[in-house]
Amino acid sequence: MKTSLLNIIRFIVLILMQVLIFNQINLFGFVTPYIYPLLILLLPFNINSVQKLFLAFVLGLCMDFFQNSGGIHAAATLVITYLRPFFLRYSFGLSYDYQTLKFYNTPFRERLAYISLMIIVHHFVLFALEIFSFSHLLYFLEKTLYSSIFSIFLIIIILNLISKED
Amino acid sequence: MQQIIVFLIRNKTGLVFILLFSVAFALTLKSHSYQNSRFVSSTNLVTGSVLELSADIQTYFDLKTQNEILVEENKKLRHQIFNFKPEIDTTLVEFQFEMDSLYEVKKSKVISNNYDAIDNYILIEGGSKDSIFEDSGVISSLGIVGIIDKVGANYSRVISILNTNASINAKLKKTNHFGTLTWNGKDPNITNLIDVPRSAPVKLGDTITTGGRSLVFPDNVNIGVIENFELDENVGYYKIDVKLFNDMTNLGKVYVIRNTRKPEVLELINDNSE
């Protein structure tokens with residue numbers, strides 16, 4: 001009960017932060033950070049996988065409503081939610097398998113690998129669907145690379161800011 | 001039968017994923033075609049009011065520039081009034097607008113503005129309650145902004161000229177050679193004018209305006225100046241880079257323009273095609 005309430009608050013706060021603050025950032029005309037996948041990153045590890053997918057879909061669709069972007073955020077968020085167990089196993093190895101994982105107790109290197117994998121895949125799917133044509137291939141790769149770096153950087157900062165309270 | 005149910009239960013995660021992903025993908029496909037991206041849009045009350053709150057706060061930081069733009073526009077309009085019809089009274093109060101005017105102008109303001117994607121949309125204040133209609137043109141005091149593609153109760157969505165699906169009839173101001181204004185998705189200050197015939201005298205710095213051929217914009221609304229051009233020898237058409245007068249990254253007050261005789265014209269065109 002307590003965790004679901006926490007996640008509802010996170011859901012609303014992250015969407016508002018994304019729409020009101022981070023969508024306004026526009027470095028070099030094309031780099032916008034997306035920090036809302038943080039909700040998926042921080043979901044409890046033992047949550048029901050079907051519930052998780054529906055949550056991801058709703059989260060992404062909310063972003064799409066704000067950005068008039070069809071279903072690109074929903075699709076990207078679904079993909080990382082579906083692939084999350086694989087990324088968790090790859091990044092944290094045994095401690096994930098034995099269900100003894102405490103996110104904030106893990107080494108920074110493993111956490112960085114997990115965050116980077118999730119964000120890069122998310123941005124890759126997001127911008128691929130947004131641009132949707134091979135004629136902008138270079139633009140697509142640049143946008144994915146720079147936006148990912150910026151998002152990962154911001155997410156690590158945010159995680160450091162909120163970690164004391166948990 | 002039992003095996004099917006067992007299969008479904010065992011693979012429920014994958015199946016739910018595929019189902020939801022297909023929905024998201026279908027919505028994405030729809031959003032990439034010009035007239036069909038209707039369902040997922042920010043014209044609804046929730047997203048509209050959140051974005052409006054944010055725009056209201058931001059407007060304060062921009063008041064000075066917006067005021068200057070308005071004063072500049074007023075100056076131009078005064079100039080036109082004084083020079084164009086010197087016989088009319090100079091006080092604007094007595095200036096009578098024709099009731100049966102061809103273009104109806106409404107004021108509005110930008111609530112949310114995108115310009116970093118390939119297909120950009122702008123959300124503006126005012127919807128069907130304020131009698132704003134689909135396919136109306138949107139301009140600012142400096143030049144064109146876009147075309148309204150979806151009208152909600154209180155908000156409307158505009159296809160920005162920075163949208164690869166948009167194509168707008170435009171012409172060289174001096175010689176009336178027509179072309180089509182499009183955007184290649186790169187620089188938010190530059191749009192592309194294509195299909196201008198070889199015979200047109202294209203010069204750097206010439207002004208591009210809307211052509212009167214569409215039912216959306218009036219004739220001679222400013223768009224931008226020619227920054228660069230090349231002639232495609234194979235097809236004999238110019239490709240022109242147009243630097244916009246508008247700063248599309250900083251939009252404030254806009255005007256919505258509706259051609260009041262459009263239904264009549266469309267009716268005539270439809271009659272013809274039958």
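Predicted model: local features only at pLDDT ≥ 70, side-chain atom pairs only at ≥ 80, totals over all residues.
Contact means heavy atoms within 4.5 Å. Local features need pLDDT of at least 70, side-chain atom pairs count only at pLDDT 80 or more, and totals for chains, interfaces and linings use all residues. Residues are numbered from 1 along each chain as its sequence is written, chains are lettered from A in the order in which they are written, and side-chain values use heavy atoms, without hydrogens and water.

**Around K203(B)**
- K203(B) sits in the loop between β8 (190-197) and β9 (207-210) of chain B. Strands (E, at least two residues) and helices (H or I, at least four) are DSSP runs, numbered from the N terminus.
- From K203(B) to I240(B) is 37 residues in sequence and 10.0 Å in space, C-alpha to C-alpha.

**The interface**
- Chain B gives 34 residues to the contact, and chain A gives 35 residues.
- About 3100 Å² is buried between chain B and chain A, and carbon and sulfur atoms give 71% of that. Buried area is the accessible area (1.4 Å probe) that two parts lose on being put together, summed over both.
- F17(B), L20(B) and D116(B) supply 19% of the area that chain B buries against chain A, more than any other three residues.
- Eight residue pairs are in polar contact across the interface, both residues at pLDDT 80 or more. A polar contact is a pair of N or O atoms within 3.5 Å; within protein, one must be able to donate a hydrogen and the other to accept it, and residues adjacent in sequence count only if both atoms are side-chain atoms.
- On the side of chain B that touches chain A, α2 (12-31) and α3 (45-61) are the elements that give two or more residues.
- The largest share of that side, 14 residues, comes from α2(B).

**Salt bridges**
- The whole structure holds 10 salt bridges over all chains. Each is a side-chain nitrogen of Lys or Arg within 4 Å of a carboxyl oxygen of Asp or Glu.
- K109(B) and D56(B) form a salt bridge through their side chains (3.0 Å, N to O). K109(B) lies in strand β1 (residues 103-113) and D56(B) in helix α3 of chain B, so the pair ties together parts 53 residues apart in sequence.
- The interface of chain B and chain A has zero salt bridges.
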